[in-house]
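Okay, everyone, thanks for making time.

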Amino acid sequence: MPRWRRWVFEIRAPADDFLTLLERSLTQNGVRVDRAERFDLVARAFGVRGYVALGWADEGLELRVKLKSGLFASPPALERLLLEAGREAQAALTFDKEAP
């Protein structure tokens, strides 16, 4: 049975820039990232597939993740990597915006 997670990052930035930084951070942490048909990307690690969709929320950018795991998988590990990658992307875009 799939698990759903949702995080909202309080930032007003182009979604494509956020997605690029998210993908780069995940790849640097050993997560295999591919493009998806119905979602923006698929992240694979620890025996788990995470289908990631990026959208707009009232507070900022919303990251919705559908996690599907195998028998010997660790969904919390991939969740942690996705959340950390989102926070890194948020910080990078916030820092770039404040610079003159």
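Let me start with a question: is Val-52 buried or exposed? It counts as buried, because its relative accessibility is 0%. For that word, buried means under 20% relative accessible area, exposed means over 50%, and partly exposed is in between, with a 1.4 Å probe and protein chains only.

Before going on, a word on the source: this is a predicted model, where local features need pLDDT of at least 70 and side-chain atom pairs count only at pLDDT 80 or more, while totals for chains, interfaces and linings use all residues. Residues are numbered from 1 along each chain as its sequence is written, and side-chain values use heavy atoms, with hydrogens and water left out.

Back to Val-52, which sits in strand β4. Leaving aside neighbours within four places in sequence, its contacts include Leu-22, Phe-39, Leu-63 and Leu-82; contact here means heavy atoms within 4.5 Å. Val-42 is 10 residues away from Val-52 in sequence, and their C-alphas are 6.1 Å apart in space.

Now the sheet. There are 5 strands in an open sheet, in the order β1-β5-β4-β3-β2, with antiparallel pairing. β1 (3–9) and β2 (32–35) are at the edges with a single partner strand each, so one side of each has no neighbour in the sheet. From one strand to the next, the twist averages 25 degrees. On terms, helices (H or I, at least four residues) and strands (E, at least two) are DSSP runs numbered from the N terminus, and two strands pair if DSSP finds at least two bridges between them. For the angles, axes are lines fitted to C-alpha atoms, for helices over the stretch in contact, and the angles run from 0 to 180 degrees between N-to-C directions.

Let's zoom in on β5. Strand β4 (residues 48–56) pairs with β5 (residues 61–69) over 9 bridges, antiparallel. Leu-54 is opposite Leu-63 in β5, and Gly-55 has Glu-62 as its bridge partner. The two strands make a hairpin with 4 residues between them, and Gly-60 in that turn has a positive phi of about 160 degrees. On the β1 side, 7 bridges join β1 to β5, also antiparallel, with Trp-4 opposite Lys-66.

Glu-62 deserves a stop. It counts as buried, because its relative accessibility is 12%. Its side chain makes a polar contact of 2.3 Å with the side chain of Arg-6. A polar contact is a pair of N or O atoms within 3.5 Å; within protein, one must be able to donate a hydrogen and the other to accept it, and residues adjacent in sequence count only if both atoms are side-chain atoms.

What about the helix? α1 (residues 15–28) has 14 residues and reaches 20 Å from first C-alpha to last, close to the 20 Å expected at 1.5 Å a residue; that expected span is 1.5 Å times one less than the number of residues. Its buried residues are Phe-18, Leu-19, Leu-22, Ser-25 and Leu-26. Down the axis of α1 they fall within an arc of 130 degrees, so they line one face of the helix; the arc is that of the directions from the helix axis to the C-beta atoms. Turned away from the buried side are the exposed residues Asp-16 and Gln-28.

Last one: Phe-46, in the loop between β3 (41–45) and β4. Phe-46 has a positive phi, near 60 degrees, in a residue other than glycine. At 44% relative accessibility, Phe-46 counts as partly exposed.
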